[in-house]
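Have a look at the model first, then read on.

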Amino acid sequence: MYRMLHERYPYAHCELDFDTPLQLLVATVLSAQTTDVTVNKVTPLLFSRWPTAADLAAAERTEMEEVLRPTGFFRAKTASVLALGAAIVERHEGEVPPRLADLVKLPGVGRKTANVVLGNAFGVPGITVDTHFGRLARRMGWTDEEDPVKVEHAVGELFPRKDWTMLSHVLIFHGRRTCHARRPACGACPVARLCPSYGVGETDPDKAAKLLRYELAPGGQAATR
Ligand code: SF4
């Protein structure tokens, strides 16, 4: 199933724009309760105004709130980014640490965020169990676990470490484009014949094709997000 999904989404990648581990860490924190597309609209201004962890820590709160407003929950997110910048300066001399144990001790950083940063900014294999990953792993019969950490461990045992980061991208792409929470496009799914949940969504191929999103949507561009 992973091979088939990888063939469908060979271009799967982290959909947050970033150049440095700090930028990815902050963007991932901002992505809570919103889309990566929305985050990508605010981060260029955010990172040009406050390029370093020290800059973020010293930012004027109301000014940052205005920049982050489009992402929703902008007051709480501003507080998180200020605290994150301060903690990175105090504990890690301004550099994002490349270890899970250190990352998860930073304010507002859980395992999911830490694995995104490790996998995509440091090249350390990591499984990112977000809402899409968990739902798909259960639908495809890879695990019954609901708890994200248990899902991470259960799925991790099924795949070689080297595949963990790409596996995460591919499942998240599939969840965003085809295997939606409410109306999965089963009739347009490359793993339909192997999936024990085939039929939870639309099975008619024409109707299912209309449910596909982003570059797979009818008339969608050959873009990668
Ligand atoms: S067959 Fe349906 S439930 Fe299974 S992975 Fe495909 S879209 Fe999701």
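## Around cysteine 186

Leaving out residues up to four places away in sequence, cysteine 186 touches Ala192, Tyr198, Gly199, Val200, Gly201, Glu202, Thr203 and Ala208 (contact means that the C-beta atoms, placed from the backbone, lie within 7 Å). Cysteine 186 sits in the loop between α11 (164-177) and α12 (205-211); helices here are DSSP runs of H or I with at least four residues, numbered from the N terminus. Cysteine 186 is buried, because 23 other C-beta atoms lie within 10 Å (20 or more is buried, 12 or fewer exposed, in between partly exposed).

This is a predicted model, where local features need pLDDT of at least 70 and side-chain atom pairs count only at pLDDT 80 or more, while totals for chains, interfaces and linings use all residues. Residue numbers start from 1 along each chain as its sequence is written.

## The cysteine cluster

An unreviewed UniProt entry lists Cys179, Cys186, Cys189 and Cys195 under "binding site"; such annotations may be inferred rather than shown by experiment. They spread over 17 residues of sequence yet cluster in space, with a largest C-alpha distance of 11.2 Å.

Cysteine 189 is also in the loop between α11 and α12. It counts as buried because it has 24 C-beta neighbours inside 10 Å. Not counting residues up to four places away in sequence, cysteine 189 touches Thr178, Cys179 and Cys195.

## Where α9 meets α11

The axes of α9 (residues 131-139) and α11 come within 8 Å and cross at roughly 90°; axes are lines fitted to C-alpha atoms over the stretch in contact, with angles from 0 to 180 degrees between N-to-C directions. The two helices are therefore roughly perpendicular (65 to 115 degrees). His132, Phe133, Arg135 and Leu136 of α9 make the contact with Ser168, Leu171, Ile172, His174, Gly175 and Arg176 of α11.

How values were computed: Contact = placed C-beta atoms within 7 Å. Parallel < 35°, antiparallel > 145°, perpendicular 65-115°, else oblique.
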